Amino acid sequence: MRIASDIANEFNEFSINYTNDMIACVPYYMFLIDEMTRDLPEDFNPENILDLGCGNGNVSAKVLESFPHASVTLVDASTEMLELCKGRFSRFSVEPCHSYFNDYPFPENSFDMITAGFSLHHCNSEEKQQLFRKIHTALKPGGIFGITDLMINKENSSHPELLQDWKAFVYKSFPDGEKWEWIMEHYDAFDKPDSLEDQLLWLQEAGFSDIECSVRENYWTYLRCRKL
């Protein structure tokens with residue numbers, strides 16, 4: 001199993017069995033996706049939502065369960081993923097947008113909710129800092145940014161142990177080792193995770209002061225940030 005030449009082509013090829021593969025390859029995947037709508041403020045009723053790196057729409061599907069009348073902008077670099085979303089959300093108000101994060105305009109004060117489910121690890125540290133500032137600007141006052149991802153720097157002394165635990169998890173579903181080999185090729189080529197501590201600092205510097213870390217399972221993390 002070989003990785004593609006860039007991240008868009010990589011996920012074009014990965015789109016066929018995306019959800020099942022993510023559940024089998026990413027610890028706590030559905031639990032962390034569910035966290036996007038768990039324990040939201042009672043008065044929170046978003047009308048405009050932005051899903052960054054929407055993939056096949058698993059995060060948007062969860063959000064639309066709670067807010068079916070919301071309009072959702074789906075941003076992804078993979079045309080195949082966006083095509084899947086078009087069919088999946090044909091009954092809802094969605095706008096697919098083929099774009100890399102750095103190219104998306106992030107209109108000011110436009111969204112009540114912005115989500116990033118296992119997508120921002122494709123950005124390096126500087127790109128994350130820029131994105132957090134753009135996300136804060138694009139949210140309306142009172143808006144919520146939900147982010148779930150692996151949050152550990154590859155230089156962290158605990159990183160090798162994390163990889164061993166992750167490998168054991170993947171081998172339960174794919175014992176021949178081919179899937180794990182592909183994951184590590186992808187991880188080395190495209191993934192740039194940063195620590196929770198760094199990202200908390202960058203979110204604060206971007207303007208977020210109401211930040212909650214509600215899930216932290218072996219570096220698999222969910223953060224909820226509100227623009228005051």
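**Reading a predicted model**

Visitor: Why does phenylalanine 92 count as partly exposed?

Guide: In this predicted model, phenylalanine 92 has a relative accessible area of 24%. Because buried means under 20% and exposed means over 50%, phenylalanine 92 falls in between and is called partly exposed. Phenylalanine 89, with a relative accessible area of 3%, is buried by that cut-off.

Visitor: How many aromatic pairs are there, and what makes the pair of phenylalanine 89 and phenylalanine 92 edge-to-face?

Guide: A search of the whole structure gives 10 aromatic pairs. In the pair of phenylalanine 89 and phenylalanine 92, the ring centres are 6.3 Å apart and the planes stand at 75°.

Visitor: Which residues do ring pairs link into a cluster?

Guide: The cluster consists of Tyr29, Phe118, Trp166, Trp180, Tyr187 and Trp220. The ring of tyrosine 187 also has the charged end of lysine 154 over it, at 4.2 Å from the ring centre, and lysine 179 lies over the face of phenylalanine 174, at 5.1 Å from the centre of that ring.

Visitor: How do you know that glutamate 35 and arginine 38 form a salt bridge?

Guide: Their closest N and O atoms are 2.0 Å apart, and since a salt bridge requires such atoms within 4 Å, glutamate 35 and arginine 38 qualify. Glutamate 35, at 6% relative accessibility, is buried, whereas arginine 38, at 29%, is partly exposed. The search of the whole structure finds seven salt bridges.

Visitor: What makes lysine 62 and glutamate 65 a salt bridge, and where do they lie?

Guide: The N to O distance is 3.3 Å, so with the limit at 4 Å the side chains of lysine 62 and glutamate 65 meet in a salt bridge. Both residues belong to helix H4 (residues 58-66), where they are three residues apart, about one turn of the helix. An α-helix has 3.6 residues a turn, so residues three or four places apart point the same way. Lysine 62, with a relative accessible area of 18%, is buried, while glutamate 65, with 59%, is exposed.

Visitor: Why can lysine 128 and aspartate 194 be said to tie together parts that are 66 residues apart in sequence?

Guide: The side chains of lysine 128 and aspartate 194 meet in a salt bridge, at 2.7 Å from N to O. Lysine 128 lies in helix H6 (residues 125-138), and aspartate 194 lies in the loop between helix H8 (178-190) and helix H9 (196-206), so the pair ties together parts that are 66 residues apart in sequence. Both of these residues are buried. Elsewhere, salt bridges that share partners join Asp34, Lys62 and Glu65 into one network.

Visitor: Which members of the largest nonpolar core touch the most other members?

Guide: That core has 41 residues, of which Phe118, Trp166, Ile183 and Trp220 touch the most other members, and H8 gives the most to this core, with five residues. Apart from it lies another core, of 26 residues, including Phe101, Phe111, Leu139 and Cys225.

Visitor: What makes threonine 115 count as buried?

Guide: Its relative accessibility is 0%, and because the cut-off for buried is under 20%, threonine 115 counts as buried. Threonine 115 is in strand E4 (residues 111-117), and, leaving aside neighbours within four places in sequence, threonine 115 is in contact with Met36, Leu50, Asp51, Leu52, Val59, Val63 and Gly146.

Visitor: How do you know on which side of H5 the buried residues Met81, Leu82 and Cys85 lie?

Guide: Met81, Leu82 and Cys85 are buried in helix H5 (residues 79-88). They cover an arc of only 95° around the axis, which puts them on the same side of H5. Met81 and Cys85 are also among the contacts of glycine 55, together with Asp76, when neighbours within four places in sequence are left aside. Glycine 55 is in the loop between strand E1 (48-52) and H4, and with a relative accessible area of 5% glycine 55 is buried.

Visitor: Why is aspartate 176 called exposed?

Guide: Its relative accessibility is 60%, and because exposed means over 50%, aspartate 176 counts as exposed. Aspartate 176 is found in the loop between helix H7 (159-173) and H8, and its C-alpha atom is separated by 30 Å from that of aspartate 194, 18 residues apart along the chain.

Terms used: Residues are numbered from 1 along each chain as its sequence is written. This is a predicted model: local features need pLDDT of at least 70, side-chain atom pairs count only at pLDDT 80 or more; totals for chains, interfaces and linings use all residues. Side-chain values use heavy atoms; hydrogens and water are left out. Buried means under 20% relative accessible area, exposed over 50%, partly exposed in between (1.4 Å probe, protein chains only). Helices (H or I, at least four residues) and strands (E, at least two) are DSSP runs, numbered from the N terminus. Rings of Phe, Tyr and Trp (its six-membered ring) pair if their centres lie within 6.5 Å; planes under 30 degrees apart count as stacked, over 60 as edge-to-face and the rest as tilted. A charge sits over a ring if NZ of Lys or CZ of Arg is within 6 Å of the ring centre and within 35 degrees of the ring normal. Contact means heavy atoms within 4.5 Å. A nonpolar core is a set of buried Ala, Val, Leu, Ile, Met, Phe, Trp, Tyr and Cys residues joined through side-chain atoms within 4.5 Å. The arc is that of the directions from the helix axis to the C-beta atoms.
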